[in-house]
Structures are given as C-alpha cells and as structure tokens.
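Hello,

Here is the structure I promised to hand over. My notes follow below it.

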Amino acid sequence: MTRRLFLFGLLLLYCSYAYLQDTIPSGIAIDTTKIDTIVIRATQYKIKAVPRGVRFINPVVSFEDTGVLTKPYKPFKIPSFWVKENKVGLNISEVAFVNWNAGGENAISAIGNSKFMRNYKFRYIKWNNELILRYGINVQEGREARKTEDVIRLTSSFGYRQDTLNKWYYSINTKFNTQFTDGFNYPNTDNPISRFMAPGYLFFGGGPSFVADGNNFSLYLSPTTVKATFVLDQRLANQGAFGVRRAIFDEDGNLVTKGSTKFVEFGILVTNTWEKEIATNIIMNHRLSLFTDYIRRFGNIDVDWELNFTFKVNNLFEANLGTQVIYDDDIRFDQVIADNGNVIDPGVPKIQFRQVLAIGLAYNF
C-alpha cells in the first residue's frame, strides 16, 4: 500500500512538472529541492554594461552616529493657506548744537510706521487684506511740533478664478484712506486744512485682476468703481474743500445752505503694485492708482503714485527712501475766501510731491 502511494505521488509530481513546462514562459526556472514545495523565480541576468558613475554598494544599517535628541520634537502641523505679515518700525533723526559758531537749531524727527497683512489663497479663491499706518512728527527748538507724516490706508481684495492655472481673477476691491490728526498750513496753526475723515476716501468696485505667482505683481482694472470723498468737518465742507459742494452765503455772510460733507463719483480705476528685490537686500515697492470719472470730467485722471526702496542692514535695522506724487483736480491751492465766507478765488490744482529718507528699526513678528 505504501509503495502504491509513493508511485502515485511521483506520477502526480511528474504531471505537474510537465504542465508547468508547457505553461511557464521562457526565462522562468523551477526549483524542486523539496518534493512538497515549488518555488518560481525569475532568472537573474548579469549586467554586461555598467553605466558611468554607477557604484555597487551594499546598504549597511549603523547606529554609530546616533545621538541624544537635543531639541524638542516638533509635530507635523497642517499647512495653512494664510500668509501673514506684521511689521512695525521707528525712524529717528536728531541734531544738537552746543556753542556752535555756524549757527543752527536743535531738532528731532521721528516717523513711526506699521504694516499688517493677511492674505488667503487656495485653488480658485484669493483674499488679500492690508493695513498701513504711518505718523511722523518734527520738533525744533523755539517752535511747536509739526506733523510730517500721517497715513491710514486699508485695502481688501477678493478674487475668483476659473482654474488653478489661470492668473486672471474676477475681483472685488475696496480701499479706504484718511489720516489721524489735524493738518495745518504752517506756521498758521489756528485753522486746520485737513482733519480725520476730512478728507476720507473710499473706493469700491469690481473687475478683472492679474496676480502673478507670489503676489509680487498685480494689475487691477475696474470699469465700475465708485469713489466717495468724505469731508466730515463742516467748516472745511462749507469752503468746498477736496471737491465737495461748498456752502452758499448771502451778501451779509449769513449761511444759506450748508456745504455737502460727501462727494460721490463713478468711473474707471486702474491700480498696479510691484515688489521686487532689485539687488541684494534692496527691495523696490511700487504702487500706482489712476482714476477718472465718467460724468464730470472723463479723461481727467487722478494720480496717486508711490515708489519706495528698502535697504536692509540686518533683521532689525533698515533704511527707507520713498517718494509719492499726487494729482487731484478736486484738491485746490491758493484759495481766496472773503470775510463773509464767499469764495473769491477757488484756487488751482497742483502736483503734490513728497520725499522721505529715513534710517531706523524694523521688527517683524
């Protein structure tokens, strides 16, 4: 009986071997070291031509260079689609004289500035928000303090694109400008020529915008923009400052109709921003805004152009060189107002220019 089972097993093994020889492709060998086990392996061919630069090494696992963990382990954090920037700076310049034969006055100037940015971008949506605050003051011996810088600027832009490769967005843009404190035509400090929300500017509109990778370059075209000018100081509103409708007085100087505290325009807005490192630790920042009204004076363009250069010394010290050019025909100079309040000469618009050179501290957090 045992002999019959042995022969039957050999017959079964032979039949299996014959079947595999007919079905297994060429290049496959069968290892039959054990009668009850069949192992199939691919034939290993020796490499005839070794490519240049290839080295055959045997991987070795070693713990000789393993050391004690000296820094705390930082667990994985879910990546955020928000880009944040918080920057505050202070620039101070000072000059002092003691028994100085050439003459001079002791003086000190300070400019504080801050920038807060919150930008969101994920697939089809982007949302950029920026708040800029600047204020400067100059104090000289023998006279009152004078304001040299005063800016509050808030911008917000929301955009949507059709696909992730497209750099053009359908955008809605909002921008607001005003100042902190009163402004004067020095040395006259009795009657301010500007105040908080006098003026205040609000732009709101929509249109296509082009945003390059990294948000370093953007171009916004809005054919439907509303520009609102606010003059919430009634005395300035009565004078027709910043383009609002002035008050009406009778011959005796009595007020007949108050001046309007707001002025609304509808037109085209084009804005362009560009930030680029033009040399090592030298960053250029360009911002241009152009607006023209459809109804009143189409083609008469209001210009607001800023060009700033930042020279970084290290993480704490930097120098800034900035210029700004403004032209707005609603802002008049050399007005002549009679004692009874009537405007004799409404004045003329002029190009406004500002230049700042400062060195100081800058801290990012």
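Arg-134 and Glu-306 join their side chains in a salt bridge (3.9 Å, N to O). The term means a side-chain nitrogen of Lys or Arg within 4 Å of a carboxyl oxygen of Asp or Glu. Arg-134 lies in strand 5 (residues 125–140) and Glu-306 in strand 14 (residues 301–312), so the pair ties together parts 172 residues apart in sequence. Strands are DSSP runs of E, at least two residues long, numbered from the N terminus.

This is a predicted model: local features need pLDDT of at least 70, side-chain atom pairs count only at pLDDT 80 or more, and totals for chains, interfaces and linings use all residues. Residues are numbered from 1 along each chain as its sequence is written, and side-chain values use heavy atoms, leaving out hydrogens and water.

Arg-134 counts as buried, at 16% relative accessibility. Glu-306 is buried too, at 4%. Buried means under 20% relative accessible area, exposed over 50%, partly exposed in between (1.4 Å probe, protein chains only). Both residues belong to a salt-bridge network that includes Arg-287 and Arg-354.

The whole structure has 21 salt bridges. Another joins Glu-318 and Lys-87 (3.2 Å, N to O). Glu-318 is in strand 15 and Lys-87 in strand 3 (residues 82–95), 231 residues apart. Both are buried.

Now the fold. Two strands pair if DSSP finds at least two bridges between them. Strand 15 (residues 317–327) and strand 18 (residues 352–364) pair over 10 bridges. There, Gly-322 stands opposite Val-356.

Best wishes

Definitions and conventions
Helices (H or I, at least four residues) and strands (E, at least two) are DSSP runs, numbered from the N terminus.
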